[in-house]
Amino acid sequence: MEPNMVTPTSDPTTILEKQEAKIKPPPMFEVALLNDDYTPMEFVVSVLQKFFGMDREKATQVMLKVHREGRGVCGIYPRDVAASKVEQVSGYARQHQHPLQCVMEEA
């Protein structure tokens with residue numbers, strides 16, 4: 001090493017700043033129900049209560065949004081939780097012979 005060269009660790013006036021790791025939060029996904037002409041409104045309300053923990057009033061509001069606007073958001077979750085909800089609702093609807101569709105998309 002050259003006599004006039006200073007390495008960062010040998011200079012007592014050098015201050016090393018701790019850098020915060022910039023961790024991006026995971027992408028969130030909206031889980032929504034889509035309207036169809038066959039699934040009974042009461043079944044949709046029960047799905048919202050059973051899988052999304054909504055009380056009857058909130059579930060009814062979301063069901064009416066699905067009915068009137070063609071789509072209603074049930075909740076926003078990390079990818080794995082959203083995918084699990086979609087799978088659970090879709091399986092439950094099929095079990096009960098309803099064509100109710102549950103989808104997820106990045107929020």
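Reply: In this predicted model, the chain exposes about 8000 Å², and carbon and sulfur atoms supply 52% of that area. Of the 107 residues of the chain, 30% count as buried. Among the contacts with a separation of 6 or more, 71% are between residues 24 or more positions apart.

The chain holds three helices and three strands, and, read from the N terminus, these elements follow the order β-α-α-β-α-β. The pair to examine is α1, which covers residues 41-52, and α2, which covers residues 56-69.

Two packed helices are described by the angle between their axes and the distance between the axes. For α1 and α2, the angle is about 125 degrees and the axes lie 9 Å apart. Because angles of 65 to 115 degrees count as roughly perpendicular and those over 145 as roughly antiparallel, this value makes α1 oblique to α2. The crossing of the two helices is right-handed.

As for the residues that form this contact, α1 contributes Met41, Glu42, Val44, Val45, Leu48 and Gln49, while α2 contributes Arg56, Ala59, Thr60, Val62, Met63 and His67. Sorted by class, the contact of α1 with α2 comprises seven nonpolar, three polar and two charged residues.

Key
Residues numbered from 1 in each chain as written. Predicted model: local features only at pLDDT ≥ 70, side-chain atom pairs only at ≥ 80, totals over all residues. Heavy atoms only, no water. Helix = DSSP H or I, 4+ residues; strand = E, 2+ residues; numbered from the N terminus. Buried < 20%, exposed > 50% of the residue type's maximum accessible area, 1.4 Å probe, protein only. Contact = heavy atoms within 4.5 Å. Areas by Shrake-Rupley, 256 points an atom, 1.4 Å probe, with all protein chains shown as cover. Axes fitted to C-alpha atoms, helices over the stretch in contact; angles between N-to-C directions. Parallel < 35°, antiparallel > 145°, perpendicular 65-115°, else oblique. Left-handed = near helix turned anticlockwise from the far one by under 90°. Nonpolar A, V, L, I, M, F, W, Y, C, P; charged D, E, K, R; others polar.
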